[in-house]
Amino acid sequence: MSTILRIISAIISVYTFLCFIRILLTWIPGMSYNKFTNFLASICDPYLNLFRNIKWLTVGNLNFSPALALCLLGAVSMLLTSFSHQGRVTVGLILALLVQIVWTMIHSIAVFFMILLLIRFIMLCVNKGNSDNFIVNQIDYTLKPLVYRMTNIFSNGKTVEYKTALIIAFAMMLVLLVAGNFLISFLTNLIQSIPF
């Protein structure tokens with residue numbers, strides 16, 4: 001039985017990787033019309049489409065539903081692997097996996113926003129001002145509400161320059177991620193140690 005569970009877990013891991021490749025290829029405009037992309041679309045899109053219309057996973061123009069889809073596949077794979085090694089699944093293990101799934105999604109979204117913050121900061125430093133570029137406008141449309149909401153915590157309602165706001169938001173997210181990693185690690189170890 002444990003061998004079968006490990007094989008299923010490995011198949012799910014391969015499928016997760018294929019879904020990840022499919023997601024990356026959708027970001028490359030010229031890759032939409034070849035045999036490999038069509039093959040990936042035929043096997044990955046039915047699963048990924050299950051998550052596309054979840055409203056709370058869309059922030060501005062960004063859709064984070066693929067992150068949830070990949071996290072759930074990873075959780076099922078981890079659950080099967082754990083069951084194959086231990087021979088049983090405990091409530092503590094399931095709760096720990098749920099906590100890790102939620103944290104993985106939050107962490108992935110935060111890292112993505114940090115990358116956007118860094119890219120936008122570099123663009124501001126290089127261009128010495130705003131650009132009429134469509135991509136820059138889309139990044140600003142997504143970032144500005146979040147950035148100014150975060151900086152209002154420290155600015156007491158005073159207007160802050162956009163560059164400074166980007167730095168403050170980046171630093172806050174970095175601190176939250178480091179603190180969150182420690183907290184989630186402690187919490188999952190605590191939950192797993194509970195014998196039920």
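Reader: Which residue lies over the face of Tyr 162?
Author: This is a predicted model. A charge counts as sitting over a ring if NZ of Lys is within 6 Å of the ring centre and within 35 degrees of the ring normal. At 5.0 Å from the ring centre of Tyr 162, the residue over its face is Lys 144.

Reader: How many aromatic pairs are there?
Author: Rings of Phe, Tyr and Trp pair if their centres lie within 6.5 Å. By this rule the count of aromatic pairs is 6.

Reader: Is the pair of Phe 64 and Phe 112 stacked or edge-to-face?
Author: The two ring centres are 5.7 Å apart. Planes over 60 degrees apart count as edge-to-face. The planes of Phe 64 and Phe 112 are at 80°, so the pair is edge-to-face.

Reader: How many residues apart are Phe 64 and Phe 112 in the chain?
Author: Phe 64 is in the loop between strand S2 (62–63) and helix H3 (65–86). Phe 112 belongs to helix H4 (residues 91–127). The pair therefore links distant parts of the chain, and the separation is 48 residues.

Reader: Is Phe 64 buried or exposed?
Author: Buried means under 20% relative accessible area. Phe 64 has 9% relative accessibility, so Phe 64 counts as buried.

Reader: What is the angle between the planes of Phe 112 and Phe 113?
Author: These rings form an aromatic pair, 6.4 Å centre to centre. The pair is edge-to-face, and the angle between its planes is 70°.

Methods. Residues numbered from 1 in each chain as written. Predicted model: local features only at pLDDT ≥ 70, side-chain atom pairs only at ≥ 80, totals over all residues. Heavy atoms only, no water. Phe/Tyr/Trp six-rings, centres within 6.5 Å; stacked < 30°, edge-to-face > 60°. Helix = DSSP H or I, 4+ residues; strand = E, 2+ residues; numbered from the N terminus. Buried < 20%, exposed > 50% of the residue type's maximum accessible area, 1.4 Å probe, protein only.
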